[in-house]
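Here are my notes on the side-chain contacts, as promised. Have the model open while you read.

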Amino acid sequence: FYSRQFEVSNNNIKGFTARGISVIDFVQSGVVAGNHVDGYLSSAPADPTAEACLVIESVNGFGSEPKFINVSENTFCRAKNGVKLLGYNASYPITNINVSGNTIHHCAEGTNGSDTCVGIEALWGEDLSIHNNAIDKM
């Protein structure tokens, strides 16, 4: 979505095949809090297919990068990755993203052949704060 201020909170998201929550470009001053995001699919119970439970990403660059976003008190589970924070490139990073107090578990469990399954991934970011998250059973 396109928004200067936003809140995604207290949702129960289950059984997705790509991304549970996706925040892309032109998004500023927002909160992602209190959500339960579970990528479990009955068709693939031992091998998560979803890319990530939460993705905050810049796909255009040129000043459209997400910034000033607080991600807290969420539960992310059973996807290839818990949280992905991706800037466009080194010249157009995502900025001022805080990821704290989240529980991330059972991500990538059973995933075959993937070399980038992580609890929290950050690439091309500035002023990122990632702390006090519980990551278990990866």
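1. First, the term: I call something a salt bridge when a side-chain nitrogen of Lys or Arg is within 4 Å of a carboxyl oxygen of Asp or Glu. This is a predicted model, with local features needing pLDDT of at least 70 and side-chain atom pairs counting only at pLDDT 80 or more, while totals for chains, interfaces and linings use all residues. Residues are numbered from 1 along each chain as its sequence is written, and side-chain values use heavy atoms, with hydrogens and water left out.

2. Searching the whole structure turns up 5 salt bridges. One of them pairs Glu51 with Arg19, at 2.8 Å from N to O. Glu51 sits in the loop between strand E5 (36-38) and strand E6 (52-57), and Arg19 belongs to strand E3 (residues 19-24), so this contact ties together parts that are 32 residues apart in sequence. (Strands, E, are DSSP runs of at least two residues, numbered from the N terminus.)

3. How accessible are those two? Glu51 has a relative accessible area of 26%, which makes it partly exposed, and Arg19 is partly exposed too, at 23%. For the cut-offs, buried means under 20% relative accessible area, exposed means over 50%, and partly exposed is in between (1.4 Å probe, protein chains only).

4. Glu51 also meets Lys84 in a salt bridge, at 3.2 Å from N to O. Lys84 is in strand E9 (residues 81-86) and Glu51 in the loop between E5 and E6, so the pair ties together parts 33 residues apart in sequence. Lys84 itself is buried, with a relative accessible area of 12%.

5. Lys84 has another partner: Glu121, with the closest N and O atoms 3.8 Å apart. That pair links distant parts of the chain, from Lys84 in strand E9 to Glu121 in strand E12 (residues 120-123), 37 residues apart. Through shared partners, salt bridges join Arg19, Glu51, Glu57, Lys84 and Glu121 into one network.

6. On to the cysteines. How many disulfides does the structure hold? The count is 0, taking a disulfide as a pair of cysteine sulfur atoms within 2.5 Å. For Cys53, the nearest cysteine sulfur is that of Cys107, 4.8 Å away, and Cys53 is in no disulfide. Cys53 is buried, with a relative accessible area of 0%.

7. Cys77 is likewise in no disulfide; its nearest cysteine sulfur belongs to Cys53, 6.1 Å away. Cys77 counts as buried, at 2% relative accessibility.

Note on methods:
Helices (H or I, at least four residues) and strands (E, at least two) are DSSP runs, numbered from the N terminus.
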